[in-house]
Amino acid sequence: MKKTVLLLCLTAIFTCAQAQKKSKNNPLDNAAIAYLDRSFGLYDRLQKQIWSHPELGFLETLSSAEHQQHLRDNGFTVEAGVAGMPTAYVATYGQGAPVIGILAEFDALPGLSQDTVPYRKPLIEGGNGHACGHNVFGVGSIAGAVAVKQWLEANHREGTVKVYGTPAEEGGGGKVYMVREGLFKGTDIVLDWHPGTGNAVSVGTGTAIQMVDYTFRGIAAHAAATPDKGRSALDGVEAFNYMVNLLREHVPASSRIHYVIVNGGEAPNVVPDYAKVSYYIRSPKREVLKDLTEWIGQAAEGAARGTQTTVSSEIISGFYELLGNRRLQELVQQKLEIVGGVLYDERERTFAAEIVRGLNLNDTILNGVAKVQPLREERPSQGGGSTDVGDVSWNVPTVSFNTAVFVPGSAGHSWQNVAAGGATIGTKGLINAAKVFALTAIDLYSNPRLIQEARSEFEKKRGADFQYAPLLGDRKPALDYRIKK
């Protein structure tokens, strides 16, 4: 009997020891991941609430308020309306070093309203929509921050986590104003993510961008009776655009120039005395972008002289290209592989397959969402999108990654993205992103050497003589840039 009892005791001790060892060796066995595993419904409701009220840049009153309230409810101190932007905020939990920042976005895009169905169905014709997935972006970021808070609290660890609520990424450049105001000073590492069609660490350098409005002014006159008395501001715009289209042949192939005529006059029988055109000018290197912007400005002046009008320009915004950090990319890659890809259930697979068929693709492409792509070498940009994360990355070591929120094969800024991002597919992607944030932050809090290594690489890449100067100059935030006039 005694031998049996002893054997049972030893077995229990061994089993307990094995369980403890397993728990210690399992990176997913911690307070942060446990919190996220039980919070799917909470964050599903929150992201759908923001998805249901898509708000344009600098106008994200409800979306920002939802973020802030959730963070306050979870013990964060929130400073709202920072850097001259009513919807910007910084939320802080904890104390002491290291300080880990997490970026959160929440602005939508105009004209992309869409229901959560696998075919084109606007909820409001011409309405806004979250075609870049910032509804899940922001919620995934705050979910990750709250999970980090859970870990700090459960383990009685010192350290600070900050959420940067950054408005108007789609052209308004909210992060640039926050950088300019010094809100990232004292932050050791910044973690960022973005919804994608797959799961991968971001290694592209992106493109720097300058956004400029050119306003031409002329002389109004009756277009039929006295056209000789008039000088057409619209002629100035059209001559300007024509010259820019000619110079495209002579710019680097990786540069991009696009424009829309915002105002071309009010009536055909009136020579327009006012016209405006908005330009986005991009290049992978700021130095090239500067020269290109100057050249386009000269074309505007030439067009004005040739049409006997006048022209003025206003910088609306401007972003740096991205500065990568290999040490942080390697760390996030490890965590992304631990978390794994997005797993569709039968309903989600059927939904996604219908979208893929509508794109004339084979639904085997969907198998990719369950996989994590290997870490690639840094890819110098050959053109493409821009982000105000670029300015952050030149001021604090920064890393970004994607999880599969959108259906593979979908184009950026498409109705397909709105449909998937507002469904449970989007929620699964944001929960995975939050887990990557949590696991990465835990390593950074537990091993300060990682931060030192990332900082050393950052300083070397940036250069000893680097001086930050925002491309938007000293202008105030363009809070009305999305308001039609």
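A nonpolar core is a set of buried Ala, Val, Leu, Ile, Met, Phe, Trp, Tyr and Cys residues joined through side-chain atoms within 4.5 Å; buried means under 20% relative accessible area, exposed over 50%, and partly exposed in between (1.4 Å probe, protein chains only). You are looking at a predicted model, where local features need pLDDT of at least 70 and side-chain atom pairs count only at pLDDT 80 or more, while totals for chains, interfaces and linings use all residues. Residues are numbered from 1 along each chain as its sequence is written, and side-chain values use heavy atoms, leaving out hydrogens and water.

**First stop: the cores**

Select Y43, L71, F76, Y89, V163, W193 and L444: they have the most contacts inside the largest nonpolar core, which has 58 residues. Helices (H or I, at least four residues) and strands (E, at least two) are DSSP runs, numbered from the N terminus. A second, separate core has 29 residues, including A233, Y279, I281 and L471.

**Second stop: the seven-stranded sheet**

Colour the strands β1-β2-β4-β3-β5-β11-β6, in that order: they make an open sheet with mixed pairing. Two strands pair here if DSSP finds at least two bridges between them. At the edges, β1 (77-80) and β6 (200-201) each pair on one side only.

Next, select β5 (189-196). Seven of its eight residues are buried, so β5 is largely enclosed by the rest of the structure. On one pairing, β5 runs parallel to β3 over three bridges, with I102 bridged to L191 in β5. With β11, β5 pairs in the parallel sense over seven bridges; look for D192 and its bridge partner S400 in β11.

Contact means heavy atoms within 4.5 Å, and angles run from 0 to 180 degrees between N-to-C directions of axes fitted to C-alpha atoms, for helices over the stretch in contact. Helix α5 (residues 134-154) packs on this sheet, touching β2, β3, β4 and β5, at about 155° to β3. Helix α13 touches β3, β4, β5 and β11, at about 160° to β5.

Show β8-β9-β7-β10, an open sheet with antiparallel pairing. Because β8 (256-263) and β10 stand at the edges with a single partner strand each, one side of each is left without a neighbour in the sheet. Zoom in on β8 and β9 (residues 274-283), which are antiparallel over seven bridges; H258 stands opposite Y280 in β9. Helix α7 (residues 233-247) packs on the sheet, touching β7, β8 and β9, at about 20° to β9. Helix α8 (residues 286-306) lies across β7, β8, β9 and β10, at about 10° to β7.

**Last stop: the rings**

Rings of Phe, Tyr and Trp (its six-membered ring) pair if their centres lie within 6.5 Å; planes under 30 degrees apart count as stacked, over 60 as edge-to-face and the rest as tilted. The count comes to 17 aromatic pairs. Select Y320 and Y468, a tilted pair at 5.2 Å centre to centre with 45° between the planes. Y320 lies in the loop between β10 and α9 and Y468 in the segment after α14, so the pair ties together parts 148 residues apart in sequence. Y320 is buried at 3% relative accessibility, whereas Y468 is partly exposed at 22%.

Finish with one aromatic cluster: Y214, F216, F240, Y259 and Y279.
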